[in-house]
Amino acid sequence: MNQPLNQAGVVQDARIEAIDMVPIGSFLPENGGYGSAREIGHARMATLVFVRLASGIVGIGECYGPPKTTLAYLDILREAYVGQSAFDHRAIWRRMTNVLYHVRAQSQLAAAISGLDIALHDGLGKLLGLPVYRLLGGEEQASIQVYASGGYFHEPKALPLEAQLERVAGEFDGYKIKIGRGIESDIERMQSARRILGDDVAIMADINGAYTADIALESMAALASYRPYWIEEPVAPEDLPGFRRLAARRSLRIAAGEASVNAVEFRELAATGSVDVLMPDLNLCGGFVEALRIADLAHLGGLRVSPHVWGSAVGIMAAAHFAAALPSQPHPDRHHTPTWVEFDVSANNPLREALLTEPLALTKGQLALPTAPGLGIEIDDERLAALKIEL
C-alpha cells in the first residue's frame with residue numbers, strides 16, 4: 001500500500017499510536033455567571049483530544065459537553081482506533097458505531113467521536129502539509145467571517161446586556177443576543193441591541209429552545225420590526241412537532257441544530273420545513289466527517305449552514321476550517337450571505353484567550369485562517385496545565 005509522503009519525500013506512518021483526553025475549564029466569579037434563558041452558567045468546560053501518530057505528529061481536537069461523561073468513552077475509542085491508520089478513520093467510525101448500535105452515537109459518545117475526528121484531521125493535515133480546510137477540498141482563502149456571540153443573561157456581577165454590546169460595538173457585522181424570558185423582555189433586549197449596534201448590522205436572537213411554538217410565534221411577530229437576522233432555537237431541540245407548527249406561520253428566518261448530533265437528526269430537523277439555517281457544532285455533531293454530510297444535506301435541500309461554537313480556541317478554529325471547506329452555495333459570490341461562524345465574545349473565557357501559543361487573529365469580524373498545516377494552531381503546554389481540571 002502506498003504511504004503518504006511529506007514534502008521531503010520521506011515516508012510517514014499514519015498509524016494511530018495513542019489517544020488521550022484532557023479536561024479543561026475555568027470558573028466564573030461568585031455572582032458573575034452568565035448564560036441563556038434556560039440556565040446561567042458558572043464555568044466554561046471542554047475536553048481536548050490528543051492523537052499521536054507513529055510519525056510523532058500530534059493532532060488536536062475538542063469535545064463539547066461535560067468532560068467527566070466524555071472521558072468515560074476514552075477506552076472505547078482507544079480499542080477501536082489505536083493501531084489503525086488515521087486515513088481509515090471513517091471506516092473505523094462506522095464499524096464501531098455499527099457494533100455499538102445499542103449505545104448509538106447520539107449520546108455523549110458523539111461528542112467524544114467529534115473531538116477525535118477533529119484531532120485526526122489535524123494530524124492528517126500536518127502529515128500532508130495541508131491546512132484542514134484544503135484537506136477537505138476548500139479553496140485557498142485568507143479568512144472567514146464570524147459574528148460576535150454574546151448578549152447573555154447575567155448575574156449581578158457579570159456585565160449587563162448594554163455593557164456586553166458596547167464592548168464590541170463596531171467590530172463585527174453580526175451580533176447574537178440571548179432572548180427567551182418573555183415577550184416584553186425580548187422586545188426590550190432587541191431594542192437595546194438595535195440602538196447600540198445600529199441599523200446596518202445583522203442581529204441574531206437566540207431563544208435556546210425556551211418557548212413552545214405559540215409563544216415563539218408571538219415573539220417573532222413582536223420582534224419583526226427590529227429586523228432580527230434570524231431567530232435561533234425557537235423551540236426545544238426535541239420538539240419536532242413544534243418546529244412543524246412554525247413552518248407555515250413564522251415570519252422570520254429560523255436557525256437551529258446546535259444540540260443535534262449526526263446527519264440523521266439534522267435530516268429530521270430539516271424535514272420540519274421551518275429551519276432555514278442548520279447549525280452543526282463540530283465538537284458535538286460528529287466532527288468534520290459528519291458536519292460535511294450535514295452540509296451536503298442542507299445544500300441539497302436549499303438550506304444554509306452556520307456552525308455553532310461555544311468552547312475553546314480549538315473548537316473555534318475547527319468551525320472556521322469547516323466553513324472554509326464548504327463550496328459557494330448557491331452562487332459563487334456569497335459575500336452577501338456569508339457562512340457565518342459563531343465567535344464567543346464573553347469577557348471571561350480563558351479557554352479562548354489563554355490556550356494557544358499564538359492568539360486567534362481577528363480583524364473587523366474576519367477570523368484569519370492559519371497557513372500552517374492541520375488546524376494551524378499550537379497548544380501552550382503551561383497554559384494547558386493551568387486550565388486542566390480534576391474530575
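**Reading the model**

Guide: The side chains of Lys126 and Asp122 form a salt bridge, with 3.0 Å from N to O. The term stands for a side-chain nitrogen of Lys or Arg within 4 Å of a carboxyl oxygen of Asp or Glu. In general, side chains of opposite charge can pair when their charged atoms come close. This is a predicted model, in which local features need pLDDT of at least 70 and side-chain atom pairs count only at pLDDT 80 or more, while totals for chains, interfaces and linings use all residues. Residues are numbered from 1 along each chain as its sequence is written, and side-chain values use heavy atoms, with hydrogens and water left out.

Visitor: How many residues apart are Lys126 and Asp122 in helix α4?

Guide: They are four residues apart in helix α4 (residues 109-128), which means a separation of about one helical turn. Helices (H or I, at least four residues) and strands (E, at least two) are DSSP runs numbered from the N terminus.

Visitor: Is Asp122 buried or exposed?

Guide: Asp122 is buried, at a relative accessible area of 0%, whereas Lys126 is partly exposed at 26%. The cut-offs are under 20% for buried and over 50% for exposed, with partly exposed in between (1.4 Å probe, protein chains only).

Visitor: Which side chain meets that of Asp75 in a salt bridge?

Guide: That of Arg78, with 3.6 Å from N to O. Asp75 and Arg78 are three residues apart in helix α2 (residues 74-81), so about one helical turn separates them. Asp75 is exposed, at 55% relative accessibility, and Arg78 is partly exposed, at 29%.

Visitor: How many salt bridges does a search of the whole structure find?

Guide: It finds 17 salt bridges. One of them joins Glu17 and Arg15, whose closest N and O atoms are 4.0 Å apart. Glu17 is partly exposed at 35% relative accessibility, and Arg15 is partly exposed at 35% as well. Salt bridges also link Asp13, Arg15, Glu17 and Arg52 in a network.

Visitor: Which residues gather in a patch of negative charge on the surface?

Guide: Glu358, Glu378, Asp381 and Glu382 do. Patches are made of residues with over 30% relative accessible area and no salt bridge; like charges are joined within 9 Å, and nonpolar side chains (Val, Leu, Ile, Met, Phe, Trp, Tyr) within 5 Å. Take Glu378: the loop between β16 (366-368) and α14 (381-387) holds this residue. Glu378 is exposed, with a relative accessible area of 52%.

Visitor: What about cysteines?

Guide: A disulfide is a covalent bond between the sulfur atoms of two cysteines. The cut-off is a pair of cysteine sulfur atoms within 2.5 Å. The structure has zero disulfides. Cys63 is in none, and the nearest cysteine sulfur, that of Cys285, lies 12 Å away. Likewise, Cys285 is in no disulfide, with the sulfur of Cys63 as the nearest cysteine sulfur at 12 Å. Cys63 is buried, at a relative accessible area of 0%, and Cys285 is buried too, at 1%.

Visitor: How many residues apart along the chain are Gly129 and Pro373?

Guide: They are 244 residues apart along the chain, yet 5.0 Å separates their C-alpha atoms. Gly129 is in the loop between α4 and α5 (132-135), and is partly exposed at 30% relative accessibility. For a second pair, Phe50 and Ala18 are 32 residues apart in sequence and 8.1 Å apart in space, C-alpha to C-alpha. Phe50 belongs to strand β4 (residues 43-53) and is buried, at 16% relative accessibility.

Conventions. Areas by Shrake-Rupley, 256 points an atom, 1.4 Å probe, with all protein chains shown as cover. Lys, Arg positive; Asp, Glu negative; His and termini not counted. Charge placed at Lys NZ, Arg CZ, Asp CG, Glu CD.
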